[in-house]
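User: Please walk me through this one feature at a time. Give me the general idea for each, then the case at hand.

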Amino acid sequence: MRSLIDGFSYPLRAIRFIVRQPMLWRYIVIPIVLNIMIGLILYTTLLWAGFQAIEAFLVGWPLWIEWLIRGLLVIALFLGLGYILVRFGVVLGSPCYSRLSELIEERLRGLVRTASPTAPVSVVHDVLRALLFELKKLLLVLLIGTPTLLLNLIPGVGTLLATGAGIAIGVTITCLDFFDPPLERRRLSFRGKLSFIRRHLPASAGFGLICLGLVSIPFFNLIAVPICITAGTLFFCEHDNLSR
């Protein structure tokens with residue numbers, strides 16, 4: 001239980017670490033500004049288009065139905081776009097986040113293992129690895145997440161079991177996202193990254209659960225990604241000895 005609670009503490013510890021390290025701020029501010037700009041454009045554009053479509057489709061309907069559908073549209077956009085922005089934000093800010101993670105590890109350990117030289121061939125290889133990593137995460141969700149939907153067919157506890165399984169998958173994907181910078185520098189395979197998460201249970205579960213909650217909050221998720229990246233690097237430096 002203590003280890004689980006320790007995992008919950010990393011985002012707060014990350015904020016404290018960031019505040020005390022002004023040299024890191026530019027690697028956080030730049031992707032946050034980009035995320036906010038993209039988020040505002042998407043939210044306002046889709047809300048405007050959605051409201052226009054509702055007004056055109058519900059001509060003559062009672063006003064309360066129109067406002068109910070407007071409210072449902074807002075909730076759906078906040079939740080759906082929030083998830084998309086997190087996924088997009090991780091990719092968009094990856095150069096800054098990679099450097100952020102390197103500097104954090106350098107401050108904590110003195111030496112950092114860089115991924116590879118920035119030759120054109122290496123850049124192409126890194127892009128392919130990143131795309132393959134995203135594909136494997138998607139396959140993991142489909143192969144494990146889809147069958148868990150069948151748990152809803154079990155009378156009584158089925159829905160509870162399916163919800164628990166869905167949260168477990170979300171926590172795993174979240175851990176893969178935010179542990180990835182230091183793990184990728186060591187060129188770990190996808191199984192190796194999953195093994196890191198498994199080895200450090202239940203602390204990694206606590207970390208993934210709190211970060212999943214943070215990136216699920218509309219608008220706050222626009223600034224939560226660099227906090228969670230920092231938290232993931234702190235977690236790695238304190239829990240593993242791969243680079244020692």
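**Reading the model, feature by feature**

Analyst: Let's start with Cys175, which counts as buried because its relative accessible area is 0%. The scale goes like this: buried is under 20% relative accessible area, exposed is over 50%, and partly exposed is in between, using a 1.4 Å probe and protein chains only. This is a predicted model, where local features need pLDDT of at least 70, side-chain atom pairs count only at pLDDT 80 or more, and totals for chains, interfaces and linings use all residues. Residues are numbered from 1 along each chain as its sequence is written, and side-chain values use heavy atoms, with hydrogens and water left out.

User: How many disulfides does the structure hold?

Analyst: The cut-off is a pair of cysteine sulfur atoms within 2.5 Å. The structure holds zero disulfides. Cys175 is in none, and its nearest cysteine sulfur, on Cys211, is 7.4 Å away. Cys96 is another buried one, since its relative accessible area is 18%.

User: Where in the protein is confidence lowest, and where is it highest?

Analyst: pLDDT is the predictor's confidence in each residue, from 0 to 100. The protein averages 80, and 85% of the residues score at least 70. Helix 4 (residues 63–92) has the lowest confidence, with a mean of 72, while helix 2 (residues 10–19) has the highest, at 92. As for the helix numbers, helices (H or I, at least four residues) and strands (E, at least two) are DSSP runs, numbered from the N terminus.

User: Which residues of helix 2 are buried?

Analyst: An α-helix has 3.6 residues a turn, so residues three or four places apart point the same way. In helix 2, the buried set is Tyr10, Pro11, Ala14, Phe17 and Ile18. They lie on the same side of helix 2, because they cover an arc of only 115° around the axis; the arc is that of the directions from the helix axis to the C-beta atoms.

User: What do those buried residues of helix 2 pack against?

Analyst: Contact here means heavy atoms within 4.5 Å. The partners are helix 1 (2–8), helix 3 (26–57), helix 5 (94–109), helix 9 and helix 10. For a view from helix 10, take Ala231, which is found there. Ala231 is buried, because its relative accessibility is 0%. Leaving aside neighbours within four places in sequence, Ala231 is in contact with Tyr10, Pro11, Ala14 and Phe207. Ala231 and Gly7 are 224 residues apart in sequence, yet 9.6 Å apart in space, C-alpha to C-alpha.

User: How many aromatic pairs does the count come to?

Analyst: Rings of Phe, Tyr and Trp (its six-membered ring) pair if their centres lie within 6.5 Å; planes under 30 degrees apart are stacked, over 60 edge-to-face, and the rest tilted. That rule gives eight aromatic pairs. Take Phe196 and Phe235: their ring centres are 6.3 Å apart and their planes are at 75°, so this pair is edge-to-face. The pair links distant parts of the chain, with Phe196 in helix 8 (residues 190–199) and Phe235 in helix 10 (residues 221–239), 39 residues apart. Both Phe196 and Phe235 are buried.

Phe207 and Phe235 make a tilted pair, at 5.7 Å centre to centre and 50° between the planes. This pair also links distant parts of the chain: Phe207 is in helix 9 (residues 203–215) and Phe235 in helix 10, 28 residues apart. Phe207 counts as buried because its relative accessibility is 0%. One aromatic cluster takes in Tyr10, Phe179, Phe196, Phe207, Phe235 and Phe236.

User: Which residue lies over the face of Tyr10?

Analyst: A charge sits over a ring if NZ of Lys or CZ of Arg is within 6 Å of the ring centre and within 35 degrees of the ring normal. Arg13 does this for Tyr10, 4.2 Å from the ring centre. The charged end of Lys193 sits over the ring of Phe133, 4.1 Å from its centre.

User: What about the backbone: which peptide bond is cis?

Analyst: Most residues other than glycine have a negative phi, and most peptide bonds are trans. Here the bond from Leu201 to Pro202 is cis, with omega near 0°, and Pro202 is in the loop between helix 8 and helix 9. Arg187 has a positive phi of about 55° although it is not a glycine. Arg187 lies in the loop between helix 7 (158–185) and helix 8, and it is partly exposed because its relative accessible area is 26%.
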